[in-house]
Amino acid sequence: MKKMIPDFEKMKQVGEKISMLTAYDYPSAQFVEEAGVDIILVGDSLGMVVLGYDSTVPVTMEEILHHTKAVRRGAAQTFVVADMPFMSYATTDLAIMNAGRLIKEGGADAVKLEGGLDIAPIVQILTRAGIPVVGHIGLTPQTANQLGGFKVQGRDLESAKQLIKDAQALEQAGAFLLTLEAIPRQVAKQISTELTIPTIGIGAGADCDGQVLVYHDILGLFKRFRPKFVKQYAELRSTSVQAIQEYHKEVKDGVFPSEEHTFAMSDEVIQKLYGD
Ligand code: KIV
């Protein structure tokens, strides 16, 4: 049965961990749903692991929307969160229009925005308009340049205090879930204890209320780089390349297609065909 927002709150209360994984298309969404994962994130990591961009910055609304629709078709019984692309929530009007599209046209159950105190007013407007919001603080890839690159955040006193303030502001603004990316586990633990909404960590330690990772990372499908927080559970890239090499060789050698993969017609019809 599809889990909804009150189920995630309850899971935090009883100490049941929440699993979240990204998916970007119909088959990956089907696999993630079949595996029983609680929440699917159509992350803007889409830009890097599926579309081949260098960062998440170029990802457009149309791209996220297109992939969210495919994920919805593949996982009708799973709670789906869609990432709002960089600049798609730069103003209140843009945020309402674009979040509304992800819910109405894309079929998402909620949207995720990067930022803390600075975006709390937008989170409040969206939640008041009836759009469920997931926050995302710590290492926020859309603004990684401002953070000095892809680095662990909140290691010193001032930035740790700022993260705690950001988390509180997002909860007060109405976010129902908070992603904590690449922060020390002690800060993540403090935030998870202070907040009533569940926290979902990625590189934030085991004390978060749940965990999220990228589909292509856990399956060994993305080789450009691998952050320390990623655990790889399979090696599907080499399995795929081997299978494709075999196909390529069999075509070249005339081994494929064999009788098994070939259609035939009756001798009688052939006779008539050639006989004319
Ligand atoms: O885009 C994404 O996949 C994300 C997760 C890494 C949290 O935001």
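The structure is a predicted model, in which local features need pLDDT of at least 70, side-chain atom pairs count only at pLDDT 80 or more, and totals for chains, interfaces and linings use all residues. Residues are numbered from 1 along each chain as its sequence is written, and side-chain values use heavy atoms, with hydrogens and water left out.

Polar contacts, meaning pairs of N or O atoms within 3.5 Å, can be followed residue by residue. From an oxygen atom of the ligand to a side-chain N or O atom, the distance is 2.5 Å for Ser-45, 2.8 Å for Lys-112 and 3.0 Å for Asp-44. Taken alone, the ligand exposes 250 Å², and the protein buries 95% of that (accessible areas come from the Shrake-Rupley method with a 1.4 Å probe).

Attention can now turn to the aromatic rings. A pair of such rings is described by the distance of the centres and the angle of the planes. Rings of Phe, Tyr and Trp (its six-membered ring) pair if their centres lie within 6.5 Å, with planes under 30 degrees apart counted as stacked, over 60 as edge-to-face and the rest as tilted. By this rule there are four aromatic pairs. One of them joins Phe-8 and Phe-79, whose ring centres are 5.2 Å apart and whose planes stand at 85°, so the pair is edge-to-face. This pair links distant parts of the chain, with Phe-8 in helix α1 (residues 5-14) and Phe-79 in strand β3 (residues 79-83), 71 residues apart. Helices (H or I, at least four residues) and strands (E, at least two) are DSSP runs, numbered from the N terminus.

Phe-256 and Pro-257 are joined by a cis peptide bond, with omega about 0°, and Pro-257 lies in the loop between α10 (236-253) and α11 (267-275). Met-87, although not a glycine, has a positive phi of about 75°; Met-87 is placed in the loop between β3 and α5 (92-104).

Key: Polar contact = N/O pair within 3.5 Å; in protein donor to acceptor, adjacent residues only side chain to side chain.
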